[in-house]
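Here are my notes for a first read of this model. Please keep the structure open beside them.

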Amino acid sequence: MGENSMTVDWIPRLRGHAELVQKLAEEVPKALDRPSLTFDHAARLRTVIEKGARDFDEVLQLMESAEVEETYRQAAERLARTWQVLCDAAEEKVQSLDHYHRMPLSDNDDGVSVDVADADETEPTNIDRKQ
């Protein structure tokens, strides 16, 4: 039961990740390029991608403890690279949106800046004076 059980565990998960990554590789760049993408949406997308990548790491661990054909190993390596690209793209977008939303309102000398990262559309923008 040992080795066959492990094979049963990782093969369907590998296939599932292959299908998921194919969809994500098409959809994530489109989502990240949307002008209306908010910081919160980008952060949630990053979290979902990171969760998928962590799950895939579990698949890799199962594969390491089983005898795996080279074609499966190569497929897993390609999927791991794609997960990393998706994680990097989402992280870059979150960082750029975070930076954008925390930029000073202007470069004037009065020290007023606006932090819209926490602002709600129904509330006035938060304005803080620098000390």
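1. Start with burial. Of the 131 residues in the protein, 27% are buried. Buried means under 20% relative accessible area, exposed means over 50%, and partly exposed lies in between (1.4 Å probe, protein chains only).

2. Know the source. This is a predicted model, in which local features need pLDDT of at least 70, side-chain atom pairs count only at pLDDT 80 or more, and totals for chains, interfaces and linings use all residues. Residues are numbered from 1 along each chain as its sequence is written, and side-chain values use heavy atoms, with hydrogens and water left out.

3. Now the fold elements. The protein has 3 helices and 2 strands. Along the sequence the pattern reads α-α-α-β-β. Helices (H or I, at least four residues) and strands (E, at least two) are DSSP runs, numbered from the N terminus.

4. Next, contacts (heavy atoms within 4.5 Å). Take those with a separation of 6 or more: 60% of them join residues 24 or more positions apart.

5. Then the surface. The accessible surface is about 9400 Å², and carbon and sulfur atoms hold 50% of it. The areas come from the Shrake-Rupley method with a 1.4 Å probe.

6. How many aromatic pairs does a search of the whole structure find? The search finds 1. The ring centres of Trp-10 and Tyr-72 are 5.1 Å apart and the planes stand at 85°, so the pair is edge-to-face. The cut-offs: centres within 6.5 Å, using the six-membered ring of Trp; planes under 30 degrees apart are stacked, over 60 edge-to-face, the rest tilted.

7. Trp-10 sits in helix α1 (residues 2-33) and Tyr-72 in helix α3 (residues 70-101), 62 residues apart. Trp-10 is buried, at 2% relative accessible area. Tyr-72 is partly exposed, at 25%.
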